[in-house]
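Work through the exercises below with the sequence and the model at hand. Each task is followed by a solution in steps.

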Amino acid sequence: MSVEIKVPQLGESISVATIAKWLKQPGEYVEMDEAIVELETDKVSVEVAASQAGALGNHFVNEGDEVEVGAILTTIEEGGAKSASAPVAKAPKAEEAVKAAAPVSSTVEPHQPMPAARKMMDEKQISASQIGQGSGKDGRITREDVVNFVTGVSSKPTASAPARQDDPREERVKMTRLRRTIARRLKDAQETAAMLTTFNEVDMSAVMKLRSEYKDAFNKKYEDARLGFMSFFVKATVSALQEFPAINAQIDGEDVIYRHFVNMGIAVGGPNGLVVPVLRDADQMSFAEIEGSIIGFAKKAKNNQLKIDDLSGGTFSITNGGIYGSLMSTPILNMPQSGILGMHAIKERPIAENGQVVIRPMMYLALSYDHRIVDGKEAVSFLVHIKDRIEHPERLLLGV
């Protein structure tokens with residue numbers, strides 16, 4: 001008996017993925033729950049596992065193809081031999097495999113659309129001959145080609161502009177779906193929000209002293225956590241968001257949605273780019289829970305194991321460019337959030353203190369915010385609140 005392996009549900013608002021890599025080939029024996037193909041979505045990479053043990057059937061789609069949720073990827077024949085002697089069947093063309101996932105017209109079209117493109121073309125009553133050659137692999141029409149056709153944007157060079165000739169010393173690589181999504185969302189943030197950034201600086205002496213005194217005891221008690229600076233900033237930010245709730249809110253049409261909870265996004269670097277996993281109900285978390293969760297997210301990001309749920313639902317974000325040596329920057333909003341805190345490198349600098357010049361470990365802080373919902377006074381006061389809690393961490397412990 002054979003079973004079909006289909007594109008699974010990919011999370012809220014995600015209906016299309018790209019075949020990133022086939023991990024198993026036709027005829028190859030696979031165990032139950034063994035990963036057979038890697039999909040790339042707008043947010044993360046997802047591995048699709050075998051639902052039973054057996055011999056893998058044909059690949060119904062090729063690497064680089066776009067597929068919709070529910071599309072058939074391959075089949076598994078139950079009871080296949082574990083040896084590698086099973087015949088390897090040649091994968092059919094992708095256009096033959098998508099019939100179960102998208103309607104195909106009876107006429108032969110000059111350039112076969114990908115599934116997501118076909119769905120939109122049917123909705124808009126557009127034929128492939130109207131669009132012509134697509135920008136996908138082998139000239140296939142992608143969803144972006146359809147969007148460009150509908151909006152009147154051309155992805156092809158005009159007749160007066162000669163096609164680009166790549167320098168032999170250059171390498172042209174197609175952007176991943178994740179990188180394209182990051183680029184689009186960052187551009188959307190600049191075009192949608194009235195984004196402004198305000199700065200302050202914080203003396204890290206007190207937090208560094210406290211961390212030095214209790215780090216060993218903390219690490220010994222909490223095996224899965226390591227006392228760092230991020231838990232102090234998360235706690236201080238939660239306190240500031242409770243004091244200034246507009247920075248934890250978002251605009252929805254003509255309404256403002258205020259949250260009486262904090263889901264804190266923590267930006268971490270992964271192999272495919274920057275991702276922002278979310279500490280859910282960060283306002284209810286202890287120092288140890290915050291540090292342990294961040295370590296877990298970092299490991300999952302490094303191993304490309306973050307799930308859709310890990311990245312959704314954030315109400316505010318923190319990014320720490322200081323771990324890469326950044327001294328000052330203006331972080332970009334993670335829409336539809338209304339604020340993001342930027343941490344930076346700790347540097348010893350001379351400052352004036354009680355009429356004396358002293359050397360202190362200082363960090364610049366940056367708050368980028370949506371000026372449509374957050375006033376300048378609120379933004380400045382928000383940073384001052386964080387500065388005060390970091391310079392007097394006992395206030396975080398006492399909740400005052």
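**Exercise 1. Find the handedness with which helix 7 passes helix 8.**

Helix 7 passes helix 8 in a right-handed crossing. A crossing is left-handed if the near helix is turned anticlockwise from the far one by less than a right angle, and right-handed if clockwise. Helices (H or I, at least four residues) and strands (E, at least two) are DSSP runs, numbered from the N terminus.

The model is predicted: local features need pLDDT of at least 70, side-chain atom pairs count only at pLDDT 80 or more, and totals for chains, interfaces and linings use all residues. Residues are numbered from 1 along each chain as its sequence is written, and side-chain values use heavy atoms, with hydrogens and water left out.

**Exercise 2. Describe how helix 7 and helix 8 pack, and list the residues in contact.**

Step 1. Helix 7 (residues 230-243) packs against helix 8 at an angle of about 120°, and their axes are 9 Å apart. Axes are lines fitted to C-alpha atoms, for helices over the stretch in contact, and angles run from 0 to 180 degrees between N-to-C directions.

Step 2. Helix 7 is therefore oblique to helix 8. Angles under 35 degrees count as roughly parallel, over 145 as roughly antiparallel, 65 to 115 as roughly perpendicular and the rest as oblique.

Step 3. On helix 7 the contact (heavy atoms within 4.5 Å) is made by M230, S231, F232, V234 and K235, and on helix 8 by F287, I290, E291 and I294.

**Exercise 3. Check the span of helix 8 and list its buried residues.**

Step 1. Helix 8 (residues 287-302) has 16 residues and should span 22 Å at 1.5 Å a residue. The expected span is 1.5 Å times one less than the number of residues.

Step 2. The end C-alpha atoms of helix 8 are 23 Å apart, which agrees.

Step 3. Buried (under 20% relative accessible area, with exposed over 50% and partly exposed in between; 1.4 Å probe, protein chains only) are F287, A288, I290, E291, I294, F297 and A301.

Step 4. Just after helix 8, N304 takes a positive phi of about 60°.

**Exercise 4. Which strands pair with strand 8, and is strand 8 enclosed or open?**

Step 1. Strand 1 (residues 2-6) runs antiparallel to strand 8, joined by 5 bridges; E4 has T75 as its bridge partner. Two strands pair if DSSP finds at least two bridges between them.

Step 2. Strand 6 (residues 54-56) also pairs with strand 8 in the antiparallel sense, over 3 bridges, and A55 is partnered by E77.

Step 3. Strand 8 (residues 72-78) has 5 of its 7 residues buried, so it is largely enclosed by the rest of the structure.
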